[in-house]
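Let me put the model up on the screen and we'll walk through it together.

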Amino acid sequence: MTCGANNTGIGGGFASPNYPGNYYPSLACEWFVENLRGNRIFVTFFGIQTQDLKDFVTVRDGFDADSPVLNQYSGTLAEFNVTTSGSKLRITFTSDDAVEDIGFSLTWKAID
Ligand SMILES: [Ca+2]
């Protein structure tokens, strides 16, 4: 199942499919976030819960599939923040074919 969205502007939010219910198996989601004024992007993850070492949230510092990985997350994490170095962000969420959890929810905003 594909999912995800393009996000532009000064702020917003999104979550894994079906949040706060469990996400679905075999996901390949891609969210793109861009601040068109060129400001950096500050992201707040309200925790992450995925099947450890099977289902991953990957945050890239740019739009490309090979943009530098800021971090890759799996398992259970408490709330935390991530800040980009530029004005573009790509977040990928992938799940394998069994065992789901609630996934993640986040907000983002442009910062000076
Ligand atoms: Ca899984």
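So, Asn-18: it's partly exposed, because 13 other C-beta atoms sit within 10 Å. On that scale, 20 or more other C-beta atoms within 10 Å of a residue's own makes it buried, 12 or fewer makes it exposed, and anything in between is partly exposed, with the C-beta atoms placed from the backbone. Asn-18 belongs to the loop between β2 and β3, and its phi is near 75°, a positive value in a residue other than glycine.

Quick housekeeping before I go on. This is a predicted model, where local features need pLDDT of at least 70 and side-chain atom pairs count only at pLDDT 80 or more, while totals for chains, interfaces and linings use all residues. Residue numbers start from 1 along each chain, as its sequence is written.

Back to that loop. Where's the cis peptide bond? Between Tyr-19 and Pro-20, with omega at about 5°, and Pro-20 lies in the loop between β2 (11-15) and β3. Ser-26 is in the loop between β2 and β3 as well. Its phi is near 60°, again positive in a residue other than glycine. Ser-26 counts as exposed, because it has 10 C-beta neighbours inside 10 Å.

Now the sheet. When I say strand, I mean a DSSP run of E, at least two residues, numbered from the N terminus; helices would be runs of H or I, at least four residues. And two strands pair if DSSP finds at least two bridges between them. Five strands make an open sheet, in the order β1-β3-β9-β5-β6, with mixed pairing. The edges are β1 and β6, each pairing on one side only. On average, neighbouring strands here are turned by 10° against each other, direction ignored. Those angles are between N-to-C directions and run from 0 to 180 degrees, using axes that are lines fitted to C-alpha atoms (for helices, over the stretch in contact).

Let's zoom in on β3. Strand β1 (residues 2-8) pairs with β3 (residues 28-34) in the parallel sense, over seven bridges. Gly-4 has Glu-30 as its bridge partner in β3, and Asn-7 stands opposite Val-33. β3 is also joined by seven bridges to β9 (residues 88-94), and those two run antiparallel. There, Trp-31 has Ile-91 as its bridge partner.

Is Val-57 buried or exposed? Buried, because 21 other C-beta atoms are within 10 Å. If we leave aside neighbours within four places in sequence, Val-57 is in contact with Ile-48, Thr-50, Tyr-73, Ile-91, Phe-93 and Phe-104. Contact here means C-beta atoms, placed from the backbone, within 7 Å of each other. Val-57 and Thr-94 are 37 residues apart along the chain, and their C-alpha atoms are separated by 6.8 Å.

Last stop, Asp-64, found in the loop between β5 (56-60) and β6 (69-73). Why does Asp-64 count as exposed? Because it has 10 C-beta neighbours inside 10 Å. Its C-alpha is separated by 22 Å from that of Ile-111, 47 residues apart along the chain.

How values were computed. Two residues are in contact if their C-beta atoms, placed from the backbone, lie within 7 Å.
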